[in-house]
Amino acid sequence: MTPRNTICLWYDSDALDAANFYAATFPDSAVGAIVHSPGDYPDGRQGDVLIVEFTVLGLPCIGMNGGPAIKHSEAFSFQVSTADQADTDRLWNAIVGNGGKESECGWCKDKWGLSWQITPRALMDAIKDPDRAAAKRAFNAMMGMAKIDIAAIEAARRGP
């Protein structure tokens with residue numbers, strides 16, 4: 001059954017490569033139907049991969065090969081909750097190490113320009129701490145990080 005609400009992500013011409021990478025990197029992810037174009041279109045030809053159905057962490061998505069006109073932006077990102085530093089490192093390193101780019105505060109971009117927030121649960125717990133001084137210390141520590149360092153967040157949360 002087709003989901004009623006699906007995220008559609010625009011790619012230049014490599015939606016299938018992206019979907020395969022996501023399926024290999026994230027648990028509960030898979031590539032589904034691959035639709036080939038029934039005719040020529042402005043940035044492709046009949047028979048080219050036009051649409052790829054896939055899931056990322058159980059979330060239904062469609063990758064559409066629409067050409068170079070539309071680019072991803074930070075206005076849309078996947079926020080991935082991680083359990084520990086090993087999980088954080090694995091996902092961050094997979095994205096950045098596959099042609100992606102580091103950013104700040106747990107954000108990175110994959111090689112297709114899609115933004116990801118690799119967010120340890122410990123970080124979210126720290127910035128929601130009812131002790132607002134502890135939350136602020138953890139938040140300030142995060143502001144100086146690219147990939148989140150859970151030990152440093154927890155140390156900042158505990159304070160001096």
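Is the crossing of helix 4 and helix 5 left-handed or right-handed? The structure is a predicted model, in which local features need pLDDT of at least 70 and side-chain atom pairs count only at pLDDT 80 or more, while totals for chains, interfaces and linings use all residues. Residues are numbered from 1 along each chain as its sequence is written, and side-chain values use heavy atoms, with hydrogens and water left out.

The chain contains 5 helices and 8 strands; here helices (H or I, at least four residues) and strands (E, at least two) are DSSP runs, numbered from the N terminus. Read from the N terminus on, the order of the elements is β-α-β-β-β-β-α-β-β-β-α-α-α. Along the principal axes, the C-alpha atoms fill a box of roughly 65 × 30 × 25 Å. Of the 160 residues, 35% count as buried, a term that means under 20% relative accessible area, with exposed meaning over 50% and partly exposed in between (1.4 Å probe, protein chains only). Among the contacts (heavy atoms within 4.5 Å) with a separation of 6 or more, 57% are made by residues 24 or more positions apart.

Helix 1 comprises residues 15–25, and its buried residues are Ala15, Ala18, Ala19, Phe21, Tyr22 and Thr25. They cover an arc of only 160° around the axis, which puts them on the same side of helix 1; the arc is that of the directions from the helix axis to the C-beta atoms. The elements that cover these residues include strand 1 (7–11), strand 2 (30–36), strand 3 (49–56), strand 4 (59–65), helix 2 (85–97) and strand 8 (115–120).

Aspartate 129 lies in the loop between helix 3 and helix 4. With a relative accessibility of 11%, aspartate 129 counts as buried. Apart from neighbours within four places in sequence, aspartate 129 is in contact with Ala134, Ala135 and Arg157.

In helix 4, the residues Ala134, Ala135, Ala138 and Met142 are buried. Viewed down the axis of helix 4, these residues fall within an arc of 100°, so they line one face of the helix. The face turned away from this buried side carries the exposed residues Arg132 and Lys136. The buried residues of helix 4 pack against helix 3 (121–127) and helix 5.

The buried residues of helix 5 are Ile150, Ile153 and Ala156. Their arc, seen down the axis of helix 5, is within 125°, so they too line one face of the helix. Ala151 and Arg158 are exposed on the other side of helix 5. Helix 2, strand 8, helix 3 and helix 4 are what the buried residues of helix 5 pack against.

The opening question can now be taken up. Two packed helices are described by the angle between their axes and the distance between the axes. Helix 4 (residues 132–143) and helix 5 (residues 150–158) pack at an angle of about 145°, with their axes 7 Å apart. Such axes are lines fitted to C-alpha atoms, for helices over the stretch in contact, and the angles run from 0 to 180 degrees between N-to-C directions. The crossing of helix 4 and helix 5 is right-handed; a crossing is right-handed if the near helix is turned clockwise from the far one by less than a right angle, and left-handed if anticlockwise. The contact is made by Ala134, Arg137, Ala138, Ala141 and Met142 of helix 4 together with Ala152, Ile153, Ala156, Arg157 and Arg158 of helix 5.
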